[in-house]
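Me: I want to learn how to read strands and sheets. Can you take me through an example?

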Amino acid sequence: MVRMAPALKGRRTPLTLTQAAVQRLKELQTNSAAEEQSKTLKIGIQGKGCSGNAYTLSWVAEPKKFDEKVTQDGVTVLIDSKALLTLIGTEMDWFEGKLASQFVFNNPNIKGACGCGESFLV
């Protein structure tokens, strides 16, 4: 009798980007191509704020050993390995308003957030 290994379940995407976010990242990479050559946006989580956590965005030249690489519509984003479980299923969007323009994270894992929206609780 031959024993078959169980079928693997599909892996959930850690991060999806809206078309607005893809477009803005392409603009940022094009505008900074000369001085920020071969740099990639890296998303992380830092302990701070009223609710305990806040997103961090930084440009990096190379990923660290366990960083997760997400590529969508020609844009690559890295996720810090320490933030991966917190970000699974998150949608990254670009919001442009009269008073502010920023990346917004629609994270289904958040259990609470502070009033100003700068920090969150998982």
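Me: How many bridges join strand β4 to β5, and do they run parallel or antiparallel?

Reply: First, the general idea. Strands of a sheet pair through backbone hydrogen bonds, either parallel or antiparallel. Now the case here, in a predicted model. Five bridges join β4 (residues 68-72) to β5, and the two run antiparallel. Lys69 stands opposite Leu78 in β5.

Me: What do β4 and β5 form, and how many residues lie between them?

Reply: They form a hairpin, with two residues between the strands. Look at Asp73 in the turn: its phi is positive, about 50°.

Me: In which sense do β2 and β5 pair?

Reply: Parallel. Strand β2 (residues 40-46) and β5 share three bridges. Ile43 is the residue opposite Ile79 in β5. Strand β5 (residues 75-79) is also mostly covered, with four of its five residues buried.

Me: In what order do the strands of the open sheet come?

Reply: The order is β1-β6-β7, three strands with mixed pairing. At the edges are β1 and β7 (101-106), each pairing on one side only. Strand β6 (residues 90-96) pairs with β7 in the antiparallel sense, over six bridges. Find Asp93: Val104 in β7 stands opposite.

Me: Is Thr18 buried or exposed?

Reply: Buried means under 20% relative accessible area. Thr18 has 15%, so Thr18 counts as buried. Thr18 lies in the loop between β1 (15-17) and α1 (19-31).

Me: Which side chain joins that of Thr18 in a polar contact of 2.6 Å?

Reply: That of Asp93. Thr18 also touches other residues, including Glu91, Met92 and Trp94.

Notes. Residues numbered from 1 in each chain as written. Predicted model: local features only at pLDDT ≥ 70, side-chain atom pairs only at ≥ 80, totals over all residues. Heavy atoms only, no water. Buried < 20%, exposed > 50% of the residue type's maximum accessible area, 1.4 Å probe, protein only. Polar contact = N/O pair within 3.5 Å; in protein donor to acceptor, adjacent residues only side chain to side chain. Contact = heavy atoms within 4.5 Å. Pairing = 2+ DSSP bridges. Lists of a residue's contacts leave out its neighbours within four places in sequence.
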